[in-house]
Amino acid sequence: MIVITGAGIISAIGNNKEAVWSSLKGECCGISAPRYLETSHSQLPVGEVKMSNRELAELCGVSQEECTRTALLGIMALREALQQAGIGRDETASMALISGTTVGSMDKTERDYLSCGSVDVIGDCETSTLQMASKVGDFGYITTCSTACSSAANAFIAGAELIRSGLYSKVAVGGTEALSKFHLNGFNSLMILDKEICRPFDATRAGLNLGEGAAFMVLETLESAMERGATPLALLSGWGNACDAFHQTATSAQGEGGYLSMSKALECAKLTPAEIDYINAHGTATPNNDSSEANAIKRLFGEQVPLFSSTKSLTGHTTSASGSIEMVISLLAMQHSFVPANHNWSKGMDEGLTPVAKGMEGVELNHILCNSFGFGGNDTTLILSKFNNSTSTKDSYTCKRLEQIRAQIVCAVDYNSIAPEEMPAIPPMAARRMKGMLKRALVTSLVALNRAGNPLPDAIITGTGLGCVEETLAFLNEIYRNGEQLLKPTCFMNSTHNTIGSLIAIHTGNHGYNNTYSQGGDSLYSALLDALLQISLGEIESALVGWHESAGERSVALYVTKYSENGGEELRMDNIKEICGRYCL
């Protein structure tokens, strides 16, 4: 089983677990007018961490210039998690670190723009993760999930795979995200920000409030924890990821992706819906999200919907970090037998579900379900369960080193080698909305599927260092050249790194597992490792793995399946780097 032995958090409602618990109990909202973020949108409330970069850097013991704000927030939370787990820096070499972020180093990019008047290179996700890691430990494996608002939650799944396979007995997982002009103006261009404090699941809800923060947890095998004398705080008992395959920023009316991710998580944990005591909902307070999530919950739980609430009404929507922040909040809720309030709720919505309007004390919470839904329909659900000596009887998975970790590459397609007659036709309406990189990624992926016999893969896993950098630069330049008003949303919508994977899923109607890794030159390595482990663990039988970069106009798609003696090229732990080097040159 996978136990949690440490947790750390920093958010608008507290700089550590103790402060966050106090705010939860007192229903103290951390959302207010921007103070540290330099923006003309002073009318848009945000959930800021109540410290400047200088103050954060002093607490972290680094210079302000050394790290992005995203990294500084991550350092604070990661250190708290490792300290509680009793892990020193000299012990981190045998650990993996998986962080989730999307905006990454954008705050530094924005400062650079002000000093030079233009942006030619944007800060990537990898930079903040590596900065954070270098100040905290010497981790054996480091990677970054970048799937918008489900990034941190997907880091938990990737960490669970590493533990279940036996590659690592301990991993640190979570996410970190800082507010930026890019961030705020992007969501504002979609017209989904509320000028008042947000009201999740309320009939009068009018949008979300952005937030920032970080949270990390230490996951390890029970055997590892017992050997170290560490105290298990809870179990990561279940997880599930699915793609809504509907739209880049909107969710389907019935919440297909959320319904599937919750169903998968329950199956993984071997739990029935009736055994869930509380749902920490994604609950962004946008009309579309809350309606869709409510419908998905009703589909799964029927007339017996558990207690539920959205804590984003206190912290703001911390986007990529929200999955880990809300997992730590769920852990605090479990430890204190307390159901957090859905702050600011007053009027029921048409879907008929009523959240917990005021915090409830004395509620036994044995199993908590935590939702994180991202752009592109990337939906992830995690289940936190109370640890006790009898828990192992319901454990649905083993954590032993696999005797064989292998798969096979059925076909590999390089965009630059596709013959004209093999180019698939893309509907004109869809093609007009895609710039070069997205078109290349979709074409390359469709050709790979065609060469493999057009099977629908169980997973779409993408590696990209900078994502759709043209769209990111275009939106950023528009902000600084034309001001923070009347911005068009298209470039922002396409700027998230998982736009590529979600585009392929939407085009093919694929509701399977969908993840994106953004770790610079190691992005394809992380994507292939994910596919290899999931196939070897028996969780999937096939995956479409892609590596897509704007630089050099490179796009590669590999169709990976279970190993067969008569199949294609074998994929193993000892040849992943060689295969990556072959395609990433």
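A residue is called buried when its relative accessible area is under 20%, exposed when over 50%, and partly exposed in between (1.4 Å probe, protein chains only). The structure is a predicted model, in which local features need pLDDT of at least 70 and side-chain atom pairs count only at pLDDT 80 or more, while totals for chains, interfaces and linings use all residues. Residues are numbered from 1 along each chain as its sequence is written, and side-chain values use heavy atoms, with hydrogens and water left out.

Thr-318 counts as buried, because its relative accessibility is 0%. Thr-318 is placed in the loop between α11 (312–315) and α12 (322–335); helices (H or I, at least four residues) and strands (E, at least two) are DSSP runs, numbered from the N terminus. With neighbours within four places in sequence set aside, Thr-318 is in contact (heavy atoms within 4.5 Å) with Glu-177, Gly-211, Glu-212, Gly-213 and Ile-325.

Aromatic pairs were considered next. Rings of Phe, Tyr and Trp (its six-membered ring) pair if their centres lie within 6.5 Å; planes under 30 degrees apart count as stacked, over 60 as edge-to-face and the rest as tilted. By this rule there are nine aromatic pairs. In one of them, the ring centres of Tyr-141 and Tyr-525 are 6.3 Å apart and the planes stand at 55 degrees, so the pair is tilted. Tyr-141 belongs to strand β3 (residues 141–145) and Tyr-525 to helix α18 (residues 523–537), and the pair links distant parts of the chain, 384 residues apart. Both Tyr-141 and Tyr-525 are buried.

For Phe-182 and Phe-475, the ring centres are 5.4 Å apart and the planes are at 85 degrees, so this pair is edge-to-face. The pair ties together parts 293 residues apart in sequence, because Phe-182 lies in helix α7 (residues 181–189) and Phe-475 in helix α15 (residues 469–482). Phe-182 is buried at 5% relative accessibility, and Phe-475 is buried with a relative accessible area of 0%. One aromatic cluster is formed by Phe-182, Phe-187, Phe-375, Phe-475 and Phe-492.

Phe-182 is also among the contacts of Glu-110, which, leaving aside neighbours within four places in sequence, include Ser-180, Lys-181, Leu-476 and Tyr-480 as well. Glu-110 is found in helix α4 (residues 106–116) and is buried, with a relative accessible area of 7%. Glu-110 and Tyr-480 are 370 residues apart along the chain, and their C-alpha atoms are separated by 9.2 Å.

Helix packing was described for α14 (residues 436–451) and α17 (residues 499–508), whose axes come within 10 Å and cross at roughly 50 degrees. Axes are lines fitted to C-alpha atoms, for helices over the stretch in contact, and angles run from 0 to 180 degrees between N-to-C directions. The helix α14 is therefore oblique to α17 (angles under 35 degrees count as roughly parallel, over 145 as roughly antiparallel, 65 to 115 as roughly perpendicular and the rest as oblique). Residues making the contact include Leu-438, Leu-442 and Leu-449 of α14 and Ile-500, Leu-503 and His-507 of α17.

Lys-264 lies in helix α9 (residues 256–269) and counts as partly exposed, at 31% relative accessibility. Apart from neighbours within four places in sequence, the contacts of Lys-264 are Trp-239, Gly-240, Asn-241, Ala-242, His-511, Gly-512 and Tyr-513. Lys-264 and Thr-284 are 20 residues apart in sequence and 22 Å apart in space, C-alpha to C-alpha.
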